[in-house]
Amino acid sequence: MRLAVFASGRGSNFKALVDARRDGRLPEAEFVLCFSDKTNAPVLDIAREAGIETLHFSPKDFASREEYEKAVLKHLEAEKIEGICLAGYMRLVGSTLLEAFPNRILNIHPALLPSFPGLHGQRDALEYGAKVSGCTVHFVDGGVDTGPIVVQRAVPVLDDDTEETLAARIVEQEHQAYPEAVDLLSRGLLRIEGRRVVRLRSAD
Ligand code: GRF
């Protein structure tokens with residue numbers, strides 16, 4: 001499965017995916033392209049070092065989200081991309097991309113959804129007083145972190161945690177959970193039944 005990774009920041013999840021592919025843990029997933037909405041995103045350097053094609057567009061150079069996504073889509077189609085992994089991509093995906101990749105876009109979120117969606121999953125869990133948090137890989141739909149859940153991993157929230165220490169504990173699990181979910185998707189082992197994502201034993 002030819003995949004593009006969309007990211008806006010440091011790219012540790014992107015790196016975890018690329019490392020998993022290199023280690024033979026993602027036999028059917030090929031990371032063809034790294035796209036960023038930020039020209040100077042560190043993730044682009046990680047991609048260049050890994051020999052993966054990079055692409056960046058600034059949404060403010062386009063009249064609308066639709067125009068921006070159409071420009072991105074043109075490149076994805078030229079590269080015969082079959083799915084997208086959002087890895088710290090700090091924008092909502094619009095209908096142009098959602099319709100081009102139905103049930104083919106995954107996201108990773110740093111909380112146990114449906115608790116604490118949005119931009120500050122770790123901080124929100126800590127401030128709420130949750131004793132357990134974690135990460136969620138889910139399909140992307142038109143909402144904010146609302147799509148069907150593929151993989152979740154839990155971590156404890158400790159009494160002396162700060163946002164940073166909790167985020168560090170969660171991101172370790174993200175680096176395990178995301179390759180696991182991408183492996184299942186790329187091997188055709190996921191079936192969506194309503195809100196539930198069922199793992200198939202083999203691709204039949
Ligand atoms: C991760 O915490 C991810 O869950 C969230 O954004 C962060 C991206 O981190 N969506 P990185 O750029 O992959 O290091």
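A polar contact here is a pair of N or O atoms within 3.5 Å; within protein, one must be able to donate a hydrogen and the other to accept it, and residues adjacent in sequence count only if both atoms are side-chain atoms. The model is predicted, so to speak of local features takes a pLDDT of at least 70 and side-chain atom pairs count only at pLDDT 80 or more, while totals for chains, interfaces and linings use all residues. Numbering runs from 1 along each chain as its sequence is written, and side-chain values use heavy atoms, with hydrogens and water left out.

R10 brings a side-chain N or O atom to 2.4 Å from a ligand oxygen, and a polar side-chain atom of S12 sits 2.5 Å from a ligand oxygen. Taken alone, the ligand exposes 370 Å², and the protein buries 87% of that (Shrake-Rupley accessible areas, 1.4 Å probe; for residues, only the protein chains shown count as cover).

The shell around the ligand (residues with a heavy atom within 4 Å of it) is made up of R10, G11, S12, N13, G88, I108, H109, P110, Q122 and E174. By class it has 2 nonpolar, 6 polar and 2 charged residues; Ala, Val, Leu, Ile, Met, Phe, Trp, Tyr, Cys and Pro count as nonpolar, Asp, Glu, Lys and Arg as charged, and the others, Gly among them, as polar.

As for location, the ligand sits in the largest pocket, meaning that more than half of its atoms lie within 2 Å of the pocket's grid points. Helix 1 and strand 5 each give two or more residues to the ligand shell. (Helices, H or I of at least four residues, and strands, E of at least two, are DSSP runs numbered from the N terminus.)

The largest pocket has a volume of about 880 Å³. Of its 35 lining residues, G88, Y89, M90, I108 and P110 are the closest to the centre. Helix 6 supplies the largest share of the lining, 5 residues. The lining splits into 14 nonpolar, 14 polar and 7 charged residues. A pocket is an open set of points on a 1 Å grid over the protein atoms alone, where a 1.4 Å probe fits, with protein on both sides within 12 Å along at least five of seven lines; lining residues have an atom within 4 Å of a point.

Technical notes. Points joined across faces, edges and corners; volume = space filled by probe spheres on them.
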